[in-house]
Amino acid sequence: MAALDFTTAFDLRDRVVVITGAAGGIGQSLASAFAERGARLALLDREPSVQAVAERHGGSARGFVLDLAAEREVADTVDAVVASFGRIDVLVNNAGIGHVGPAEAIPTADWNEVVSINLSAQYLVTRTVAPHMLARGYGRVVFMASQAAVVGLDQHAAYCAAKTGLLGMARCMAIEWGPRGVTVNCVSPTVVNSPMALVGWAGEKGERAKAEIPVRRFAEPEEVALAVLFLASGAAAMINGANLPVDGGYTIR
Ligand SMILES: NC(=O)c1ccc[n+]([C@@H]2O[C@H](COP(=O)([O-])OP(=O)(O)OC[C@H]3O[C@@H](n4cnc5c(N)ncnc54)[C@H](O)[C@@H]3O)[C@@H](O)[C@H]2O)c1
């Protein structure tokens, strides 16, 4: 490979970047971070507001509305992205949902939805995008996991199961695709100040959680986006199959 140049190692100019869940709190920060670095954005979400997020970034950014758990919609969208941008360099599997509840009483529908969107849909999207990357011998895949992939969390059995599953899946993909130019990594934030966090971490419970994080605060969406940016850049070419915590030290205990 060419020698790394410190001034361009973080350059993502003209990279075609697919971001799922781009209408959400972290997704919007991801879109801003990649746009700032000159990437061309394909922003995917089931919320039509993803179109407005794309418009904010102007230029070549495009929004795509779909259900990531629907195989046909994923196939059609990936086709449309490749038709529109010519290729896919980076895939950020960021979409996710959370349901909280006691492990002995999670409704089957909640369990299935959490596993379907947080794990199966990530596989579906990645399986659909990967052949385009492998054919060109280049790609960066990043999964948005969670501290819940590393430690147990009260009332989060389905979420922990799905996020832990991402780490195992990513490691297998990293082994299979690394020799073919495609790296696969995970990012695992602690609670992030985004709308999703308000569901489970508001009030007293949130304050107790912050007290257990060595830096004594939750993460900002921008801090998560910067970690993803790093893993998607040339600077991280030797990092494959890793899980990067963005958790202020929460999971080192
Ligand atoms: N917010 C946190 O505290 C936190 C902490 C650790 C990890 N995470 C992870 O970060 C990711 C983003 O979280 P966020 O806080 O931005 O949440 P968010 O709810 O703000 O955004 C999630 C986005 O995913 C989209 N989405 C969900 N299901 C979809 C589907 N079936 N098809 C298409 N789009 C779908 C939603 O419409 C939403 O825009 C998630 O994977 C989440 O598990 C969040």
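**View 1. Strands E6 and E7 run parallel.** Two strands pair if DSSP finds at least two bridges between them. Strands (E, at least two residues) and helices (H or I, at least four) are DSSP runs, numbered from the N terminus. The model is predicted: local features need pLDDT of at least 70, side-chain atom pairs count only at pLDDT 80 or more, and totals for chains, interfaces and linings use all residues. Residue numbers start from 1 along each chain as its sequence is written. Four bridges join strand E6 (residues 182-189) to E7. Pro189 stands opposite Val246 in E7.

**View 2. Seven strands form an open sheet with parallel pairing.** The strand order is E3-E2-E1-E4-E5-E6-E7. Strand E3 (62-65) and strand E7 (243-246) are the edges, each pairing on one side only. On average, neighbouring strands are turned by 20 degrees against each other, direction ignored. H8 packs on this sheet and touches strand E4 (90-93), strand E5 (139-144), E6 and E7. The direction of H8 makes about 165 degrees with that of E6. Axes are lines fitted to C-alpha atoms, for helices over the stretch in contact; angles run from 0 to 180 degrees between N-to-C directions.

**View 3. Helix H1 packs against helix H8.** H1 spans residues 25-36 and H8 spans residues 221-232. Their axes lie 8 Å apart, at an angle of about 50 degrees. H1 and H8 are therefore oblique to each other (under 35 degrees is roughly parallel, over 145 roughly antiparallel, 65 to 115 roughly perpendicular, the rest oblique). H1 passes H8 in a right-handed crossing (the near helix is turned clockwise from the far one by less than a right angle; anticlockwise is left-handed). From H1, Gly25, Ile26, Ser29, Leu30, Ala33 and Phe34 meet H8 residues that include Pro221, Val224 and Leu229 (contact: C-beta atoms, placed from the backbone, within 7 Å). This contact has 10 nonpolar, two polar and one charged residues (Ala, Val, Leu, Ile, Met, Phe, Trp, Tyr, Cys and Pro are nonpolar; Asp, Glu, Lys and Arg are charged; the others, Gly among them, are polar).

**View 4. Helix H4 passes helix H5 in a right-handed crossing.** The axes of H4 and H5 (residues 157-177) come within 9 Å and cross at roughly 15 degrees. H4 and H5 are therefore roughly parallel. Trp111, Leu119 and Tyr123 are among the H4 residues in the contact; Tyr159, Leu166 and Trp177 are among those of H5. The contact divides into 15 nonpolar, four polar and two charged residues.

Notes. Contact = placed C-beta atoms within 7 Å.
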